[in-house]
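The following note comments on a predicted model.

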Amino acid sequence: MPRLLQRSRPTGSSAASSSFSGRAVDLPPYEEPSCPLNDAGKRALQDLRNGREKRLYEAHLIKSAKFLQESVGATNDALYRRQKNVAMRKAKRSTAGGETDAEADEELARLEQAAADLEVEVSQLTDRTEAALRRVIDYAAELQDEGPVLEEVQAQVNAQKPRPEPKTRPRRQRNNDGDDSNEENEEDPEDVDMDDADEENHHIAGVRDMLKTARQIKQQEYSGLSAHQRYGQNNDYIAFKKTWHDAQHPDDSVPLPDASTWFDDQGRPVKGVVAANDDDDLVVEREIRDLKCPLSLQMMKDPYSNHKCKHTFEKSAIIDYLRSSGGQAKCPVCNQELRVLDLYPDPVMLRRIKRAERERQMNLDTSDAEEDVDPDVSVIAGRTNRVIKKENRRAGASDGIDDD
């Protein structure tokens, strides 16, 4: 049998505690600090400025921006491949002539609808990714301002002085007759007013209030910037836009609009591109960029661009070139002054190099397959004239040998 619990009435102390827990506790009124931070508090504030937590946050934000950039490239790459595949199937179907194939037409319609659905989904995902990147940039700006904020707070803390001790007012002495004595113990009214004024004007602000005020000032400064200043001039956002545009137009058929057109007057991102006829000054001219390094003349594997000109180099080649000149030299292509600090990895160029390498490998595989195919099968499959003529020449040479 289960044990019976004896329920007894609570004692006076327990009853009082249970009834007290149900009431709201009235906190005492807030009292401003009367003394500034001691040496231990100042050291803790200094450690907060130089702590490794800030570096960890910065590393997380850098990774987040990189992942978002790779995400927008991967999703739009998938959409481009799907649309290209549908276009090729549609063109192949149109060249089939007047033959009717209900099953093929139905399959093509299904693929077109799937591509349209994927385009809507990728567009929505791209919008969310772009908004997430802007939040990451905002967090990075706030984290960057945290150093000056803590520096300002520490300066205010170091400038604080202890509040002066209140002075006790001497009491008036009374004679036996009940009259007030006019001896030296009587305090001068003017001196009393000055001491009270000094005590009231000596205000010691709390560290939390200082931190809150300094952060608000930085936040107001950042909010006063335009969307172009906050994002259009940010390296992470520029790389994001370039990757997005490269995934949508890998053939360089559409130029990337100027950064000043990426946001409208309300600070909202503008999707799509600016037509070249609308404003030629706001459209970046399309240029054919060589995938080979101008210094090593080899296909780049780790491309690095710079903030001074539009030329890209292999990382090891351009760094060795600049270091051989003391860390600063003219661009070997356009003579623009370059420094090592001006260099940065170019993910968009790396995408183009990898895409060109994949296409080259596919062409090699196709050529190898054509050479290994049986001649009769090649003719049926629609082999190129170059291969057929090559075999005809071989056959002619064999006939000549037999005749001799």
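1. Helix α3 (residues 52–94) and helix α8 (residues 235–248) have axes that come within 8 Å and cross at roughly 10°. Because angles under 35 degrees count as roughly parallel, α3 is roughly parallel to α8.

2. On the α3 side, the contact is formed by Ala65, Leu68, Gln69, Val72, Gly73, Asn76, Asp77 and Tyr80. Helix α8 contributes Asp236, Ala239, Phe240, Thr243, Trp244, Ala247 and Gln248. By class, the residues of this contact comprise eight nonpolar, five polar and two charged.

3. The largest nonpolar core contains 20 residues. Leu133, Ile137, Tyr231, Tyr237, Trp262 and Phe263 have the most contacts inside this core. Two or more residues come from each of α3, α4 (102–159), α7 (227–232) and α8, and α4 gives the most, with six residues.

4. Which residues does Ile137 touch, not counting residues up to four places away in sequence? They are Tyr222, Arg230, Tyr231, Asn234 and Tyr237.

5. Another core, of 16 residues, lies apart from the largest one. Met300, Tyr304, Ile318 and Leu338 are among its members.

6. Three strands form an open sheet in the order β2-β1-β5, with antiparallel pairing. Strands β2 (313–314) and β5 (343–345) stand at the edges with a single partner strand each, so one side of each has no neighbour in the sheet. Strand β1 (residues 303–306) pairs with β2 in the antiparallel sense over two bridges. Tyr304, listed above in the core of 16 residues, stands opposite Phe313 in β2.

Terms used. Residues numbered from 1 in each chain as written. Predicted model: local features only at pLDDT ≥ 70, side-chain atom pairs only at ≥ 80, totals over all residues. Heavy atoms only, no water. Axes fitted to C-alpha atoms, helices over the stretch in contact; angles between N-to-C directions. Helix = DSSP H or I, 4+ residues; strand = E, 2+ residues; numbered from the N terminus. Parallel < 35°, antiparallel > 145°, perpendicular 65-115°, else oblique. Contact = heavy atoms within 4.5 Å. Nonpolar A, V, L, I, M, F, W, Y, C, P; charged D, E, K, R; others polar. Pairing = 2+ DSSP bridges. Core = buried A, V, L, I, M, F, W, Y, C linked by side-chain atoms within 4.5 Å. Buried < 20%, exposed > 50% of the residue type's maximum accessible area, 1.4 Å probe, protein only.
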